[in-house]
Amino acid sequence: MVDLSVTLAGVTLKNPIIPASGTFGYGREFAEVYDLDILGSFSWKGTTRDPRPGNLQPRIAETDAGMLNAVGLQNPGMEAVLREEVPYIAKIFHGPVIANVCGFSLEEYAENCQKLDGVEQVKILEVNISCPNVHAGGTNFGSAPQSAAAVTRAARRATKKPLFLKLSPNVTDIAEIARACEAEGADGLCLINTLLGMRIDLNTKRPLLQNRTGGLSGPAVFPVALRMVWDVYEAVKLPVIGCGGVSSAEDAAEMMLAGASAVEVGAANLRDPWACKTMIENLPGVCARLGVENISDLTGGAHHG
């Protein structure tokens, strides 16, 4: 029998499949579709200190091999999540939860991490450094090693929980960003976030999204994500959660061979609500074909073959 369990910075998951932040909300809707306890974990919706209504419509656009989104971090704010969502999550999911933390200043990141430090079911903080720094002209924290390091340092001081920094692919050298986070105390990394893209409406001759640009996700980004996971695995000693276009158990295995210890599944959940369930059910067969009894043995396998 195949052992599907994996470990992330001391946190054991029953399998490596994790619904990605922004595609799974806080679990409520998906709990009506299947038993969430089959999941390794799930990363809840990116949460800021204050409530956010998100960007103006239209903010979603389809592409041939994925989708663009400019939702704008719509969420009810940290206090509402702690008061309403955390108790409900405990009823619908009994495994370790990953909390996606967002912020627009170093102080906000630190405050949010500190508030989550005492939440027992939250075992990992996934710090999204693709947020714009309001004190630096709106440049994303993840766009430079110095700002990525500053967020890591502020979060590290605010919590004892494992910190996984979620990296942006919209940089020249993602390995350099990864090394900066590692140097400041990150326990792991999650990559990639969405790629920047846009579409134009031929009828109006205007950008289809009200925000003009949005984040590209889905199968189109999988080869890019795979390459970046490979590069980061070679650059640091930290566990990596691979994310970006994972749509099947075979994709998950490929991502692990590139260096991921676990994988997040994003846009596939929006196309097929049972996507993660199906992947988990298919993983033993994939492992059998690859000749492994412990799925964790796949991690980094392509680097050594």
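1. In which loop is leucine 73 found? Leucine 73 is found in the loop between strand S5 (66–69) and H2, where helices (H or I, at least four residues) and strands (E, at least two) are DSSP runs, numbered from the N terminus. Leucine 73 has a positive phi of about 55° although it is not a glycine, and with a relative accessible area of 24% it is partly exposed; buried means under 20% relative accessible area, exposed over 50%, and partly exposed in between, with a 1.4 Å probe and protein chains only.

2. The model is predicted, with local features needing pLDDT of at least 70 and side-chain atom pairs counting only at pLDDT 80 or more, whereas totals for chains, interfaces and linings use all residues. Residues are numbered from 1 along each chain as its sequence is written, and side-chain values use heavy atoms, with hydrogens and water left out.

3. Arginine 212 is found in the loop between strand S12 (206–207) and strand S13 (214–217), and it is partly exposed, with a relative accessible area of 47%.

4. Two cis peptide bonds may be checked in the model. The bond from glutamine 57 to proline 58 is cis, with omega near -10°, and proline 58 is placed in the loop between H1 and S4. The bond from leucine 191 to isoleucine 192 is cis as well, with omega near 15°, and isoleucine 192 lies in the loop between strand S9 (188–191) and strand S10 (195–197). As background, most residues other than glycine have a negative phi, and most peptide bonds are trans.

5. A search of the whole structure finds 5 aromatic pairs, a pair being rings of Phe, Tyr or Trp (its six-membered ring) whose centres lie within 6.5 Å, with planes under 30 degrees apart counted as stacked, over 60 as edge-to-face and the rest as tilted. The rings of phenylalanine 24 and phenylalanine 42 have centres 5.4 Å apart and planes at 45°, so this pair is tilted. Because phenylalanine 24 lies in the loop between strand S3 (17–19) and helix H1 (28–31), and phenylalanine 42 in the loop between H1 and strand S4 (60–63), the pair ties together parts that are 18 residues apart in sequence. Both of these residues, phenylalanine 24 and phenylalanine 42, are buried.

6. Phenylalanine 42 also pairs with phenylalanine 93, their ring centres being 5.5 Å apart and their planes at 65°, so that this pair is edge-to-face. Phenylalanine 93 lies in the loop between helix H2 (78–92) and strand S6 (97–101), so the pair ties together parts that are 51 residues apart in sequence. Ring pairs link Phe24, Phe30, Phe42 and Phe93 into a cluster.

7. Proline 239 lies in the loop between helix H6 (222–235) and strand S14 (240–243), and it is buried, with a relative accessible area of 19%. Not counting residues up to four places away in sequence, proline 239 touches Leu8, Ala9, Phe164, Asp187, Gly188, Leu189 and Ser261, contact meaning heavy atoms within 4.5 Å.

8. The helix contact remains. The axes of helix H4 (residues 145–158) and helix H5 (residues 174–183) come within 8 Å and cross at roughly 30°, the axes being lines fitted to C-alpha atoms, for helices over the stretch in contact, with angles from 0 to 180 degrees between N-to-C directions. The contact is made by Pro145, Ala148, Ala149 and Thr152 of H4 and Glu176, Ile177, Ala180 and Cys181 of H5.
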